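I opened a notebook for this structure and wrote down each thing as I looked it up. The entries follow in that order.

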Amino acid sequence: MKNILIPTDYSSCARNAIQYAMDYFGHKEVQYYFLNTFVQPSSSAGMMVSLIEMMREDSVKGMKNEIDYFEDLLPENSAKITGLTEYGSLATIVDREVRERQIDFVVMGTKGAEGLDKFISGSNAADLIRSVKCPLMIVPEDKSFSKIDTLGFAADFERLKDNSILSPIEAMIQDLDTEIVVVNVRKQGETLDIEKGAARLNLDILFKDKAYRVNNVENDNIVEGINQFGEDYDIDVLVMIARKHGFFESLFRKSITKEIAMMGRLPLMIINE
């Protein structure tokens, strides 16, 4: 049984992410959890209690509408959707739910490049990316699920502490005829032995019997290099490892989100090391 957690604000963007997740993971032995969180605005103490209660009522009402909508689309014998309405920060509540409900994937929607700017620069979302203990899928508002023909994997060729963290990739492509394209971005003029880099990352072990190819892109800006890679290979899903000490973490510490507009145009899977 897979457990899928999908934060929602009841917007069309969030609804699209729910639909994407259901089309991808299906309904056989899958339990979906919809999560809506709310926090109080800055206000006086008396007003605050009243506002929180109003927000709670709106959250519960919105959740019922969302569950009713999607349960009408479920096939017979599907697991019922569980709705969660919680007071508190998104990152804190997601972290708790992932641990307590043994969540396998968290799926979120974004509004393209503009939405990703807000998604990454928002403190709650940035905290979520750094802290979530399971794979996080980010789905652009205008993307519907289709067969994964080409999976991109952005690699820095540094050895992983635990190869099993990439098991979600295996689960994604095990029954599909998917092309795997690994990319490493290097600076202009920097020498790189692709075979040695691939060996250090143990790609043969990571991808087992799946065929893959490794490419490098020359660009002094890693983000621009990944942009180029995504456009050149028509990637369906891009997988990135969020290391504690690596370019991806630094990406979320800096205000450079406008540079990664490409990542707002295709589904992105983030796996924390």
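**Entry 1: a charge and a ring**

I looked for charges over rings and noted Arg-15, which lies over the face of Tyr-69, at 3.8 Å from the ring centre. For this I took a charge to sit over a ring if NZ of Lys or CZ of Arg is within 6 Å of the ring centre and within 35 degrees of the ring normal.

The model is predicted, so local features need pLDDT of at least 70 and side-chain atom pairs count only at pLDDT 80 or more, while totals for chains, interfaces and linings use all residues. Residues are numbered from 1 along each chain as its sequence is written, and side-chain values use heavy atoms, with hydrogens and water left out.

**Entry 2: the whole chain**

I listed 10 helices and 10 strands in the protein chain. Helices (H or I, at least four residues) and strands (E, at least two) are DSSP runs, numbered from the N terminus. Of the 273 residues of the chain, 48% count as buried. Buried means under 20% relative accessible area, exposed over 50%, and partly exposed in between (1.4 Å probe, protein chains only).

I also looked up contacts, meaning heavy atoms within 4.5 Å. Among contacts in the protein chain with a separation of 6 or more, residues 24 or more positions apart account for 81%.

**Entry 3: helix H1**

How many residues does H1 have? I counted 14, and from its first C-alpha to its last H1 reaches 20 Å, close to the 20 Å expected at 1.5 Å a residue. The expected span is 1.5 Å times one less than the number of residues.

H1 is largely enclosed by the rest of the structure, because 10 of its 14 residues are buried. Among them I noted Ala-14, Asn-16, Ile-18 and Met-22. After H1 comes Gly-26, whose phi is positive, near 75°.

**Entry 4: aromatic pairs**

I found seven aromatic pairs in the structure. Rings of Phe, Tyr and Trp (its six-membered ring) pair if their centres lie within 6.5 Å; planes under 30 degrees apart count as stacked, over 60 as edge-to-face and the rest as tilted.

Tyr-20 and Phe-145 are edge-to-face, because their ring centres are 5.5 Å apart and their planes stand at 85°. This pair links distant parts of the chain, 125 residues apart: Tyr-20 is in H1 (residues 12–25), and Phe-145 is in the loop between strand E5 (136–140) and strand E6 (150–154). Tyr-20 is buried at 4% relative accessible area, whereas Phe-145 is partly exposed at 24%.

Tyr-24 and Phe-25 also form an edge-to-face pair, 4.4 Å centre to centre with 75° between the planes. Tyr-24 is buried at 16%, and Phe-25 is buried at 12%. Ring pairs link Tyr-20, Tyr-24, Phe-25, Phe-105 and Phe-145 into a cluster.

**Entry 5: cysteines**

I searched the whole structure for disulfides (a pair of cysteine sulfur atoms within 2.5 Å) and found zero. Cys-13 is buried at 5% relative accessible area, and Cys-134 is buried at 7%.

Which loop holds Tyr-10? I placed Tyr-10 between strand E1 (2–7) and H1. Its phi is near 70°, a positive value in a residue other than glycine, and Tyr-10 is partly exposed at 23%.

Gln-102 has a positive phi near 50°. I found Gln-102 in the loop between helix H3 (90–100) and strand E4 (105–110), and Gln-102 counts as exposed at 60%.
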